[in-house]
Amino acid sequence: MDTITIQNLEKSRIEITGELPAEELEKHRSQAIKDLGKDAEFDGFRKGHVPEKILVEKIGEDRVLLEMAELALAQAYPRIIVEKKLEAIGRPEITLTKLAKGNPLGFKIVTAVLPEVKLPKDYAKLAGAAIAGIDESVEATDEEAVQMIDTIRKNRAIKVEGQDEPQLPELTDEFAKSLGQFESVDDLKSKVKENIALEKAGRLKEKRRLKAVEAIGEKTEIVIPDIMIESETEKMLGEMRFQIEQMGLTFDDYLKHIQKTEAALKADWQDDAAKRVRFGLIMDAIAKTEKIEAPEEELKKEVEHLMSHHQHADPMRISSYAEHLIINEKVFQFLENQK
């Protein structure tokens, strides 16, 4: 392969220019003619059985050359990506700059690449400061427990004829036992408080993690390619579709109800999609910098767990998803331990 030139463009894109030798183009001639002949149909010949000479005469040498070029570049492009160690994403835009029989094939390829993430040197310190700045109590009060139990009682209320307001069940040990593994009213209150405390702790944990990454993000330089934002809006659309269908509704009916199109929803989500992509890139950059990986045994267990709940899912996608979950969790743990 002749010299390949790579030029950086805006929005994390690159332009690859170069030539393939004439002999590399020529070796795809037989396959090109075979592919073009599959659906060729001319008077006097059965479909797919047109002799090569007649086929070329009918469709023209230029059409054959074009098919040869497509086959040659389909084979060469992945090789270029590997050899030049390019982290290409999305579908490349390929333009032929020179195409003639017996001559090298000239081409130009424009593709998006994973953006460079320039983390601040003190990102660990920034995370530690952000987490330390959030100090909230996770204790549950008696009042909160009573409010929660009252909500449960309202959900169990019985309508009594002649009364405007439903009658709440009396708060007794028997009522507590009817709700599950509770021995008494006191036991119910105690366990409700425990659950409220756990929920508070969970929310606080998520808040601290988010603030840690946001603090790092404020001083991180990233230029996000449009293709990544487009891909994220497609993912968000898929998530919404799944949620709507889980509720027993059709997505088309939902769109009619909110008077929106898929394109309008995706347009509304541009900012949120960009934030999600940015968040993910920062997490990946920290994992790479800190050499955080998913231990083989831990990954195996997570894959088995996920597959038990999604038996028809693609194992490769499940494995990739599991690895992503484990690494993200370890990155969060790393940030939480910063002082």
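Residues are called buried when their relative accessible area is under 20%, exposed when it is over 50%, and partly exposed in between, with a 1.4 Å probe and protein chains only. By that definition Arg29, at 15% relative accessibility, counts as buried.

## Basis of the model

The model is predicted, and local features therefore need pLDDT of at least 70, side-chain atom pairs count only at pLDDT 80 or more, and totals for chains, interfaces and linings use all residues. Residues are numbered from 1 along each chain as its sequence is written, and side-chain values use heavy atoms, with hydrogens and water left out.

## Helix α9 and its surroundings

Helices (H or I, at least four residues) and strands (E, at least two) are DSSP runs, numbered from the N terminus. Helix α9, residues 226-246, has 21 residues and reaches 30 Å from its first C-alpha to its last, which is close to the 30 Å expected at 1.5 Å a residue; the expected span is 1.5 Å times one less than the number of residues. Just after α9, Gly248 adopts a positive phi of about 85°.

The buried residues of α9 are Met228, Ile229, Glu232, Thr233, Met236, Leu237, Met240 and Ile244. They pack against β3 (88-98), α10 (251-258), α11 (262-268) and α12 (270-289), where contact means heavy atoms within 4.5 Å.

## Nonpolar cores

A nonpolar core is a set of buried Ala, Val, Leu, Ile, Met, Phe, Trp, Tyr and Cys residues joined through side-chain atoms within 4.5 Å. The largest such core has 41 residues, and those with the most contacts inside it are Ile216, Ile286, Val331 and Leu335. Two or more residues are given to this core by each of α5 (123-132), α8 (185-217), α9, α10, α12, α13 (296-309) and α14 (315-336), and the largest share, eight residues, comes from α12.

Leaving aside its neighbours within four places in sequence, Val331 is in contact with Met283, Ile286, Ala287 and Ile292. A second, separate core of 26 residues includes Leu20, Ala32, Ile80 and Ile109.

## Salt bridges

The structure holds 20 salt bridges, each being a side-chain nitrogen of Lys or Arg within 4 Å of a carboxyl oxygen of Asp or Glu. In one of them the side chains of Glu61 and Arg29 meet at 2.8 Å, N to O. This pair links distant parts of the chain, with Glu61 in helix α4 (residues 61-83) and Arg29 in helix α2 (residues 29-37), 32 residues apart; Glu61, at 22% relative accessibility, counts as partly exposed.

Arg276 and Glu239 form a salt bridge at 3.1 Å, N to O, and this pair also links distant parts of the chain, joining helix α12 to helix α9 across 37 residues. Arg276 is partly exposed at a relative accessible area of 33%, and Glu239 is partly exposed at 31%. Within helix α8, Glu214 and Lys211 lie three residues apart, about one turn of the helix, and their side chains meet at 3.8 Å, N to O. A network of salt bridges links Arg209, Glu329 and Glu336.

## A nonpolar surface patch

Leu66, Ile94, Leu96 and Leu99 make a nonpolar surface patch of about 270 Å². Patches are made of residues with over 30% relative accessible area and no salt bridge, like charges being joined within 9 Å and nonpolar side chains (Val, Leu, Ile, Met, Phe, Trp, Tyr) within 5 Å; accessible areas come from the Shrake-Rupley method with a 1.4 Å probe, and for residues only the protein chains shown count as cover. Leu99 lies in the loop between β3 and β4 (105-113) and is partly exposed, with a relative accessible area of 31%.
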